[in-house]
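Subject: Structure for you to look at

Hello,

Here is the structure I promised to pass on. Please open it alongside this message, and my notes follow below.

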Amino acid sequence: SLSMNSASRILPLIFKFKQTPSINSGKSWILKLGYYNLTKELIKADDWIYIIDHSIQMGKEKLLLIVGIRAKDLPKDRALRYEDTEIIDLQPVKKSTGEIVHEQIKEATKKTGKPRAIVSDMGSDIKLGIEKFQEESSDTVHVYDLKHKIALLIKGILESSNEWSEFKLFANFVVKKLQNTAIAGYRPPKQKEKARYMNIEDLVRWGDKILIKYENLQKNPKKTDDEIKLEGIIKNIEQLEKSIKAWSEMVVVFELIEKFMNIHGLQQDSYEKFYQLHGYKLLSLKTAEAKGLATQILSFIKEQQKVCNQNERLLHSSQLIESLFGKLKFLEKEQSKSSFTNLILSVGAMVSKTTTTGIKKALETVNIGMINKWSKEKVGTTIQAQRKELYRLERVEQNLDSKVSLKVA
């Protein structure tokens, strides 16, 4: 959760160190561990499951990331964690096509053997690449990330809803009215510009809570000045009460199904097992929107489960890889808006089970020269390197001017 700079400052407070590793030491250790995990030998087997995705940075650069886990190692009764997976490939690219992705998947199989399944969000390049790979490996199945499918279904429901448009406008109005006031705590959560239909639950929950708050304010005969002000600002929420209750039920539905799938994974009888354990809960749904969404999601799962063999359990989600990209951007800070640096190797340090033995091997076998060579081959010249070169040239020019001035004098 900390930046590398904060970590170096906090270490002496925790361990009473007289000397503290610098931020550069911490960065070096992370890169060494990441490089070690990326290049270490993996067991070749026929039950590997790949999770694959592109991270799109500013400009033309993309980062293709493949992490994997063997089906036999899938955790039971909980969702997948970073430490459960291994990094298989990490490729910065300036151009991506189905053919390029196909070649990258083929290269990855040299480490693991042909995968049993590949999980993705069906991005066009990746989808084409996987289809080309499946032509050569008919035993490999392609699983569509459940979260992305749910987001598409929700998008279909909400984009045609006038009430949803009104609700978003209402939320923006409340933000502006409550900004820099004593009641700013009642503002809605910040809405994401991208993938907004994958994260509607926070905004919907706020709407539900603010509706309850408004109802309580109306019942209260003795209100403070702040409460009177808040009541006046949020009064239009009453007109959206019916829709908010429908959206709240939709959130309950997809969170219930996602939790079930995180625990049980994708199996040949996922659809039937869900109804066996939770079917009665769907009978209590009151809104047509929630009932319709439940039907569509479960129909999708019923179709997806056909790729599973008997007694086989596969992964259904690529969310872990999106979380890795988020953590990488946190480490890169502002640099994530311009170009990649060798910090992309830190992804390798985020995954895999970190042990004392593993860290020892990484620090003993990986040196900075190996990391610099990898960075030069994969990342190329970074924005920071270009800036350093620019300012170095400026200093040289200034020195030349000074020498000429001295000579003239």
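**Two asparagines in loops**

Asn311 sits in the loop that runs between helix H11 (288-304) and strand S7 (313-314). Before going further, please keep in mind that this is a predicted model. Asn311 has a positive phi of about 65°, although it is not a glycine. Its relative accessibility is 79%, so Asn311 counts as exposed.

Asn180 is the other one to look at. Its phi is near 60°, again a positive value in a residue other than glycine. Asn180 belongs to the loop between H6 and helix H7 (200-219), and with a relative accessible area of 74% Asn180 is exposed. As background, most residues other than glycine have a negative phi.

**The protein as a whole**

Stepping back, the protein has 16 helices and 7 strands. It has 409 residues, of which 45% count as buried. Among contacts between residues at least 6 apart in sequence, 73% join residues at least 24 apart. The accessible surface comes to about 23,200 Å², and 51% of that belongs to carbon and sulfur atoms.

**Aromatic rings**

I also went through the rings, and the structure holds 9 aromatic pairs. One of them is formed by Phe167 and Trp247, whose rings are tilted, at 5.3 Å centre to centre and 40° between the planes. This pair links distant parts of the chain: Phe167 is in helix H6 (residues 162-178) and Trp247 is in helix H9 (residues 241-264), 80 residues apart. Phe167 counts as buried because its relative accessibility is 0%. Trp247 is buried too, with a relative accessible area of 4%.

Another pair is Phe274 with Tyr275, and here the arrangement is edge-to-face: 6.2 Å centre to centre, with 85° between the planes. Are these two residues buried or exposed? Phe274 has 1% relative accessibility and so counts as buried, whereas Tyr275, with a relative accessible area of 37%, is partly exposed.

Phe167 and Trp247 also turn up in one aromatic cluster, which they form with Trp164, Phe170 and Trp206.

Leu13, Ile14, Phe15 and Phe17 make a nonpolar surface patch of about 440 Å². Phe15 lies in helix H1 (residues 4-15), and at 48% relative accessibility Phe15 counts as partly exposed.

Asp84 is found in the loop between strand S2 (62-70) and strand S3 (86-93). Its relative accessible area is 18%, and the cut-off for buried is under 20%, so Asp84 is buried. What lies 2.8 Å from a polar atom of the Asp84 side chain? It is the backbone nitrogen of Arg81. Leaving aside neighbours within four places in sequence, Asp84 is in contact with Ile69, Pro75, Arg78 and Ala79.

Glu107 has its place in helix H3 (residues 98-112). With 42% relative accessibility, Glu107 counts as partly exposed.

Best wishes

Conventions
Residues are numbered from 1 along each chain as its sequence is written. This is a predicted model: local features need pLDDT of at least 70, side-chain atom pairs count only at pLDDT 80 or more; totals for chains, interfaces and linings use all residues. Side-chain values use heavy atoms; hydrogens and water are left out. Rings of Phe, Tyr and Trp (its six-membered ring) pair if their centres lie within 6.5 Å; planes under 30 degrees apart count as stacked, over 60 as edge-to-face and the rest as tilted. Helices (H or I, at least four residues) and strands (E, at least two) are DSSP runs, numbered from the N terminus. Buried means under 20% relative accessible area, exposed over 50%, partly exposed in between (1.4 Å probe, protein chains only). Patches are made of residues with over 30% relative accessible area and no salt bridge: like charges are joined within 9 Å, nonpolar side chains (Val, Leu, Ile, Met, Phe, Trp, Tyr) within 5 Å. Accessible areas come from the Shrake-Rupley method with a 1.4 Å probe; for residues, only the protein chains shown count as cover. A salt bridge is a side-chain nitrogen of Lys or Arg within 4 Å of a carboxyl oxygen of Asp or Glu. Contact means heavy atoms within 4.5 Å. A polar contact is a pair of N or O atoms within 3.5 Å; within protein, one must be able to donate a hydrogen and the other to accept it, and residues adjacent in sequence count only if both atoms are side-chain atoms.
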